[in-house]
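Thanks for coming, everyone. I'll start with the overall fold, then move to one strand and a few charged pairs. Here it is on the screen.

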Protein chains: 2
Amino acid sequence: MSNYTAPLTDLRFALHDVLKAESLFAAMGLEDANAELIDAVLEEAGRFSGSVLAPLNATGDEHGCKLDKATGEVTTAPGFKEAYAQFVEGGWTGLTAAPEFGGQGMPETLGMALSEMVSAANLSWSLFPMLSHGAVEALKHYGEDWQKDAFLKPLVAGNWTGTMCLTEPHAGTDLGLLKTRAEPNDDGSYSITGTKIFITAGEHDLSENIVHLVLAKLPDAPPGPKGISLFVTPKYKVDRSGNLGERNALRCGALEHKMGIHGSSTCVMNFDGAQGYLVGQPHKGLQAMFVMMNSARLGVGVQGLSQSERAWQGALAYARERLQSRAPKGALLADKPADPIIAQPDVRRMLLTIKALTEGGRLLATHAYTQLDAAQHAGDAKVRADADTLVSFLTPIVKACLTEWSIEATYNAQQCFGGHGYIAEHGMEQLARDARITTLYEGTTGIQALDLIGRKTAVSQGAGLKLFLAEVEQFIAANAGNPAVAEFLPVLGAKAQEWGKLTIDVLQRAAVNPEELGAASWDYLFYSGYVALAYWWARSVAAAQASAHPEGFKQAKLETARFYYARILPRTLAHAASMQSGAEPLMAMDATRFGA
Amino acid sequence: MSNYTAPLTDLRFALHDVLKAESLFAAMGLEDANAELIDAVLEEAGRFSGSVLAPLNATGDEHGCKLDKATGEVTTAPGFKEAYAQFVEGGWTGLTAAPEFGGQGMPETLGMALSEMVSAANLSWSLFPMLSHGAVEALKHYGEDWQKDAFLKPLVAGNWTGTMCLTEPHAGTDLGLLKTRAEPNDDGSYSITGTKIFITAGEHDLSENIVHLVLAKLPDAPPGPKGISLFVTPKYKVDRSGNLGERNALRCGALEHKMGIHGSSTCVMNFDGAQGYLVGQPHKGLQAMFVMMNSARLGVGVQGLSQSERAWQGALAYARERLQSRAPKGALLADKPADPIIAQPDVRRMLLTIKALTEGGRLLATHAYTQLDAAQHAGDAKVRADADTLVSFLTPIVKACLTEWSIEATYNAQQCFGGHGYIAEHGMEQLARDARITTLYEGTTGIQALDLIGRKTAVSQGAGLKLFLAEVEQFIAANAGNPAVAEFLPVLGAKAQEWGKLTIDVLQRAAVNPEELGAASWDYLFYSGYVALAYWWARSVAAAQASAHPEGFKQAKLETARFYYARILPRTLAHAASMQSGAEPLMAMDATRFGA
C-alpha cells in the first residue's frame, strides 16, 4: 500500500514564490486569504488528506460500493461515511463558497490546492464532495432566489451533495441527442422522466439529500442542443421554503462495473416522473451546464495532477530503496549486494519525467485558477474579461494535458516497480486504473483538443493564446539580464513564436477545409501543453533563485528544468510535424476500407 | 463484451505476400510447411480461438483463479480446463515441436501466428500452454538424454505444462541476488529450497503435472550471476524412466492480486526441499535461462500485438456504429440523428494509429520469427549465424515496441469508446489492464532498451543493426524504379542512415561515459522501432501492389503507410533530439535532491 504526504513545500512554492498569491488575492479584494491563512489551510488539508483519506484509498478499491437492488440505496466502502462527516465538520465543503450561503469565500486557487491533496489521497472519495461544486455554481448563477435559499446552504455545508446528470446511453459528447423529458405540472414544477448514465455520486449514504442537476427537454423543445433545459431534481423533495419532503421518483438502477475508482458510485439513474424545477431559462440549459462543466474540467485536470503526485511519491521511494544491479560507473554501496535503482539512467528518466510533468503541471493549473479568481473578483472590468478569456483558453489544456500526463506518470511509476507495479500490494496499479478515468469524463482528451482549437482558438481569433503569449514575452523581457534563466529563454522564445505561427497556419487551412481543425487538434493540444510547461519551468527556475528556499531546492528546480528542456520539450518537434501534415492522411481512407 | 475474429487476411498477407513464407520455409528444408498447410493451420487456429477461447476471456477476468490454501491447489475459471483439453486434443501444443518428441515440426513463424490468435482471444488462458515452450527449449538444448525422454514428450503433448521460476522477492532484473538453494542428494538429484514469485501458471488444474525450471544456487556457487544453476523440478516427482511418482515438496503459497490477466494464475511458489535435477552444467543456469527467455521475449511481443489487434477490432466496430455529432463537412447520414464517429478526424487519428502499429508490428514480429527459424534450420552456416544475430537484435525491439504499442492501441480504443471504454461491459478496459503486463514481465521495457543498446548493439559492434540496415538498403535499391513506393523511399533511406549515425554517436559517447548507454537506451529503442516500422510499411505497399488482393486492400495499405509516415514517424524527431542531449540532464541531480 502506498502512503501519501501532501507536497506542502511545492504547493507553497507555487502559491507564494511563483504566483505571489497573497498580493494577487489582495489586489482582488480577497485580503483574508493572506499568506498565513493560506499556509494554515494547506497544512490542515494536508494533514486531513494524509491521515484520514489516504488510508481509505485501497479500502475503497477493494470494497467498492454496494447497491441494494430492492431499495435502490447505495452503501459506500467502510470508513467513507465517517471521513465525509469529518470533512463536513471541518468546514471543508464551504472553503471557496460565498459567505452569504455559509461559505468561507476563499479563492478557488486555494480550493484547487485542497482538491489536489484530497484527490491524491483518495480519488474515489473525493468525487462525493467534488460534484457539489458544479451544482453550487449552476444554482448561484442561474437559480431563482428560492432555489438558492433552499439548496445552496445545505450544499455548501455539505449536508447535501450534488450531481450533474448529462449523459444518456446514446448521448455523450452530443448532448443534443438526449431523450429525457420534462413535463410541466400545475404547481410550476416539472415531471422528469428518463435514464441517465455515468452519474458520479448519483446515489450514496454520505449525505441527507442528493441534488441532481438534470438536463432534459421540455415538450416544446426545438431539436438539438438548443432544446435542452436544466432542472434541479433532489433525491428527497424540497419545497419552496426549503423543507425536506418525501422521496422523489428517481433511483439508482445499477452501478457501473469500472476499471477503477471503485470506491466512487457511478450510477445509472432512472427518473420516473421525478419532481424537478427549472433552473434558468427554458432551452438554455446547455449554457448553465457549461458553467458547471468548465469548472469541473479544471477540477478534473487537478485530479490528474493529484494522481501524478502520488505516483511520484511511490516511485521515488521505491527507486531509492530497491537494490538491484550496479550503477553504470561502478558500485555505490559496496557493502550492499546491489545499488538502489535510482542510480540507473533510465530509472532517472522515468522519475524526472514524472517530476517535471507534475511540478510543472501544478503551476499550469494553479495559474489557471488564479485567472478563474480574477475573472470573478478583479476590480477592473478589462482585467476580469481578460482573465475570463485566458482561463477559458487554459481549461482544455489543463484538463487534457494534466490527465494525460497522469497516465504517463502512473505508467512510469509502474515501470519503476517492475512486476511489483502490476500487483495490488504497492498501490501503483490502482493509481494507473484510477487516473484513467480523468482522461475520459467531462469530455475525453479528443473533445478537449477540439474545444481548444475550435471554440477557444478559431472562434475567438486566438484571443486566449495572445494573452498567454503576451505573458510569456513579458517574462522573457523582464528576465533578459537574469543569468539564472539565460539558458532557457532563447528556446522558450522560439517555441512561443512557433506556437503562434502554427496556430495561424492551421486556422488558415481550416478556413478552406473544416476537417483541418479536428485533424490538427490532438497534436495542437500537446504542442500547446509542452510549450506552456516550458514557460512554467523557466519561471520556476527564476522564482526559485529569487526565493529563500535552500540551495538544494533551487538546484533541483534548475536540474528538473534542464531535464524538461532536453528530454520532454523535443516532443513538440513530433507534434508540430504531425499537425503540419494536414488532414489528408487522416481523411483519405474511405470508412469501408478501414477493415473487414 | 468484445468479440474476436482472427485477422486471416492480414496474417496471410504477412506470410505469403510480404515474407514469401512457403519458399522461405522450403529453402530451410521445411517443405511440409507449404502454402496450403499454412492456410489450413491459420484457418483452424482462427476458428478455435474465436469460438472456444474468445468467449472465455471475460469469464477469466471475472472469476480469476482460486487457491485452496489447505491443499495448495488452484482452480481455474469455468471453461478453462475444457478449452485446454480441446487444445491438447487438436494437437496445438506440439505444432512447432520436434517430431522426435511428438511434435509436428512446423516453423516457429507459424507458431507465432497461432500465438497471436490464441492470445488475442484470451491472453490469460494463453499463458498456460505458452510457458511450456520455454521449458521444452531449455530441456532440448541442455537436458540429459533421460530428461529429454522423461519430460519432453508429455510437455509437447500438452499433458504436462512448464514454468520458468526465476524471480524472487529481492531478485528480479538482478538474478545474481537470488537465494534459492540446491543441496545435492545421494541419488544424484538435488533438494531445492526457496521462494519464487510471479510464477505464471505455477499451479493450476489443466494438466497432470507441472514442470518447473528453477534457478537456484549450489552450495559451492560463486557469488552473483555466475553462480546460478538450472533445475527441473516437477510438481509430481518423475523418475529416470519417466514414471510419475509422489507429490514433490513444492506448493503454491499464494496467488498475486493483479491489475489484469485475472484468469492466469500468478503464483508464489514455495520449494521446501523439492526434488530437482540439474539441467546443463553447474553454475551455467543463466545461459540456459536465456535460451528460454529470448524465445519468451519474442512471444511476449506477440502478446502485445494480439491485444492491439483485439483493441483494433473493438474500436473500429464501435467507431462505425456509434452515432454522435456531425461530420466536419456536414451530415453524412441526413436521415439519422447524427453521423458515425469514424467521420471525425481525431477518431480516425486514433484508429489509424492502432492500425498502423498493429499491421506494421505484425510484420516486424513475423520477420523476426522467420530469422529464428532460419537460425535453426537454414542449410548454410553463415545464413544461420546471421539470422541468429539478426533475431537477437530484433528481439528487444519486438518485445518492447509491440507491447508498448499495445498500451497505446488499447488506450486509443478506450478513448474511442469514451466513458463506455472505462466500464467492463465493452471489454476495452480489460484489454488495457491485460496488455499492461506485457510491458513488465520477461523484462520491463527499460530492460529491453538496455539489452538492445548494450548487449545487442554496443557489445556486438552493431552487427545486428548492420544486417537489418543492409536489408533496408537492398529493398530501396530493388525498388528504385517502383512508382508504388517512390514517395516513401527517400524518407526511409534518410531515416536508415540517421539510425546508423545516431548509433555511432551514442556508442562513441558511451566509450567515454558508461552512463550514456542507459541514458540513450529508451529513446534509442523507440527510434529503432519506428524506423523499422517505416521499412515494413514501405514493404507492405510494395507487396500489396504486387499481390492479387483487391484494389481496396491495396489502397488501404497505401493510405495506412501514408498515415504512418505523416503522423507516426515524426516521433523519431523527438527521440533523436532527446537521446542526443546525453546523460547529463539525467545524471546531474543528486539522489537526495529528487524530493523530500
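**Chain A, overall**

Chain A exposes about 19900 Å², and carbon and sulfur atoms supply 54% of that area. Accessible areas here come from the Shrake-Rupley method with a 1.4 Å probe, and for residues only the protein chains shown count as cover.

Some housekeeping. This is a predicted model: local features need pLDDT of at least 70, side-chain atom pairs count only at pLDDT 80 or more, and totals for chains, interfaces and linings use all residues. Residues are numbered from 1 along each chain as its sequence is written, chains are lettered from A and ligands numbered from 1 in the order in which they are written, and side-chain values use heavy atoms, with hydrogens and water left out.

Back to chain A. Its secondary structure comes to 19 helices and 11 strands. Helices (H or I, at least four residues) and strands (E, at least two) are DSSP runs, numbered from the N terminus. The radius of gyration of chain A is 24 Å, close to the 25 Å that the globule rule gives for 596 residues, so the chain is as compact as a globular protein of that length. That radius is taken over C-alpha atoms, and the rule is 2.2 Å times the number of residues to the power 0.38. The C-alpha trace spans about 80 × 65 × 60 Å along its principal axes.

How much of chain A is buried? Buried residues make up 64% of the 596. Buried means under 20% relative accessible area, exposed over 50%, partly exposed in between (1.4 Å probe, protein chains only).

**A strand in chain B**

Now β7(B), residues 229–234. 6 of its 6 residues are buried, so the strand is largely enclosed by the rest of the structure. Ser229(B), Phe231(B) and Thr233(B) point one way. Leu230(B), Val232(B) and Pro234(B) point the other way.

What pairs with β7(B)? Strand β6(B), residues 209–216, runs antiparallel to β7(B), joined by 6 bridges. In that pairing, Ala216(B) stands opposite Ser229(B). Strand β11(B), residues 266–279, also pairs with β7(B) in the antiparallel sense, over 3 bridges. There, Leu230(B) faces Val279(B). Two strands pair if DSSP finds at least two bridges between them.

**Salt bridges**

The count is 67 salt bridges over all chains. The rule: a side-chain nitrogen of Lys or Arg within 4 Å of a carboxyl oxygen of Asp or Glu.

Take Arg362(A) and Asp10(A), with N to O at 2.7 Å. Arg362(A) lies in helix α10(A), residues 345–377, and Asp10(A) in helix α1(A), residues 8–18, so the pair ties together parts 352 residues apart in sequence. Arg362(A) and Asp10(A) are both buried.

In chain B, Glu116(B) and Arg362(B) meet in a salt bridge, also 2.7 Å, N to O. Glu116(B) sits in helix α6(B) and Arg362(B) in helix α10(B), so this pair links parts 246 residues apart in sequence. Glu116(B) counts as buried at 0% relative accessibility, and Arg362(B) at 1%.

One last pair: Arg455(B) with Asp451(B), closest N and O atoms 3.3 Å apart. They are 4 residues apart in helix α13(B), residues 445–458, separated by about one helical turn. Buried or exposed, which is Asp451(B)? Buried, with a relative accessible area of 5%. Arg455(B) is partly exposed at 47% relative accessibility.
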